[in-house]
Amino acid sequence: LTARIDDSLSDLKTFFMHPEFHALLETVGENGEFVDTINGRIINPGHCIETAWFIFEESRYRGWDKEMLETALTILDWSWEWGWDKDFGG
């Protein structure tokens, strides 16, 4: 399963993480490109935080792998940024 997890993390970082938006996108084009449609613009902070959690767990399992930990923290930070209501809190 380690190889499968590594492949999935590579795909996630290559295709779904978009630093220009500070976002982990739900849907991307065939080559990871942003798709300017309703589905392409979806950012679900809850799904992204869950993804970060899974990556944290895998990092912990691998002796706190630094690259995985950085990926998880980046996704968590971006998700918090998108999901937090700055006007009303929560």
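This note walks through the predicted model, from overall build to single residues.

1. Basis. The model is predicted: local features need pLDDT of at least 70, side-chain atom pairs count only at pLDDT 80 or more, and totals for chains, interfaces and linings use all residues. Residues are numbered from 1 along each chain as its sequence is written, and side-chain values use heavy atoms, with hydrogens and water left out.

2. Elements. The chain has 3 helices and 2 strands. Their order from the N terminus is α-β-β-α-α. Both kinds are DSSP runs, numbered from the N terminus: helices are H or I with at least four residues, strands are E with at least two.

3. Overall size. The C-alpha trace spans about 40 × 35 × 20 Å along its principal axes. For 90 residues, a compact globule would have a radius of gyration near 12 Å; the chain has 14 Å, which agrees. That radius is taken over C-alpha atoms, and the globule rule is 2.2 Å times the number of residues to the power 0.38.

4. Burial. Of the 90 residues in the chain, 26% are buried. Buried means under 20% relative accessible area, exposed over 50%, and partly exposed in between (1.4 Å probe, protein chains only).

5. Core. Which residues form the largest nonpolar core? There are 12: Leu9, Leu12, Met17, Leu24, Cys48, Ala52, Ile55, Phe56, Met68, Ala72, Ile75 and Trp78.

6. Phe56. This core residue is in contact (heavy atoms within 4.5 Å) with Trp64, Leu69, Ala72, Leu73 and Leu76, leaving aside neighbours within four places in sequence.

7. His18. Buried or exposed? His18 counts as buried because its relative accessibility is 7%. His18 sits in strand 1 (residues 17–18). Beyond neighbours within four places in sequence, His18 is in contact with Ala23, Leu25, Val28, Gly32, Glu33, Phe34 and Trp78.

8. Ile43. Look for Ile43 in the loop between strand 2 (23–24) and helix 2. Ile43 is partly exposed, at 22% relative accessible area. Not counting residues up to four places away in sequence, Ile43 touches Ala23, Leu24, Leu25 and Trp82. Ser8 is 35 residues from Ile43 along the chain, and their C-alpha atoms are separated by 19 Å.

9. Contacts along the chain. Take contacts between residues at least 6 apart in sequence: 43% join residues at least 24 apart.

Note on methods: A nonpolar core is a set of buried Ala, Val, Leu, Ile, Met, Phe, Trp, Tyr and Cys residues joined through side-chain atoms within 4.5 Å.
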